[in-house]
Amino acid sequence: MTALRLLQRMKRDWMHTGRRPSGLCGAALLVAARMHDFRRTVKEVISVVKVCESTLRKRLTEFEDTPTSQLTIDEFMKIDLEEECDPPSYTAGQRKLRMKQLEQVLSKKLEEVEGEISSYQDAIEIELENSPPSRREGRGRPESLPRARPLHGKLWHGCPGWASPCVPGRGW
């Protein structure tokens, strides 16, 4: 009786359109068996209704998108929902259309952000070209600093006092 009620609800939700009855019957049998605590596996239902497992999974997924699937067992037995759902193929088409529109909006935003980034990159490059060269860039030493001179085979810049030479015996 529960499986018949599920099939009626599936028909009201347009799930039967373009579908073979065996797939709908298999989904209804599996859901009804689990509602009444009959432990039936998907393979057992498949062997009875003679459909592929993927077909049964698709019908169960389509049923999951209906308001009936959101009801509890007691509510399902007592309440008869009057509203109809759109056919699964229609809702899938609407979902694809929304995704396409969202992709277009996101691609426009991405182009805007990329344009903003490239303008910042251009400004940074112009600023780098106009700034004086630094020592870190390896473009040479500023002329205001004294040259490092070797002292006893070592470089001068290691000595604590830049202005005076190191005195042998006093250390660096």
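Modeller: From the N terminus on, the elements of the protein chain run α-α-α-α-α-α-β-β, which comes to six helices and two strands, where helices (H or I, at least four residues) and strands (E, at least two) are DSSP runs numbered from the N terminus. This is a predicted model, in which local features need pLDDT of at least 70 and side-chain atom pairs count only at pLDDT 80 or more, while totals for chains, interfaces and linings use all residues. Residues are numbered from 1 along each chain as its sequence is written, and side-chain values use heavy atoms, with hydrogens and water left out.

The part to look at is the packing around helix α4. Helix α2 (residues 21–35) and helix α4 (residues 53–64) pack at an angle of about 70°, with their axes 9 Å apart; the axes are lines fitted to C-alpha atoms, for helices over the stretch in contact, and angles run from 0 to 180 degrees between N-to-C directions. That angle makes α2 roughly perpendicular to α4, a term that covers 65 to 115 degrees. On the α2 side, the contact (heavy atoms within 4.5 Å) is made by Gly23, Leu24, Gly26, Ala27, Leu30 and Val31, and on the α4 side by Thr55, Leu56, Arg59 and Leu60. These residues divide into six nonpolar, three polar and one charged, where Ala, Val, Leu, Ile, Met, Phe, Trp, Tyr, Cys and Pro count as nonpolar, Asp, Glu, Lys and Arg as charged, and the others, Gly among them, as polar.

Arg59 is buried, with a relative accessible area of 10%, buried meaning under 20% relative accessible area (1.4 Å probe, protein chains only). Not counting residues up to four places away in sequence, Arg59 touches Met15, Arg19, Gly23, Leu24 and Ala27.

Helix α4 also meets helix α3 (residues 42–49), and the axes of these two helices come within 10 Å and cross at roughly 105°; α3 and α4 are therefore roughly perpendicular to each other. Here Val42, Val45 and Ile46 in α3 meet Glu53, Leu56 and Arg57 in α4, and by class this contact has four nonpolar, no polar and two charged residues.

For the chain as a whole, buried residues make up 21% of the 172 residues, and residues 24 or more positions apart account for 53% of the contacts with a separation of 6 or more.

How values were computed. Parallel < 35°, antiparallel > 145°, perpendicular 65-115°, else oblique. Buried < 20%, exposed > 50% of the residue type's maximum accessible area, 1.4 Å probe, protein only.
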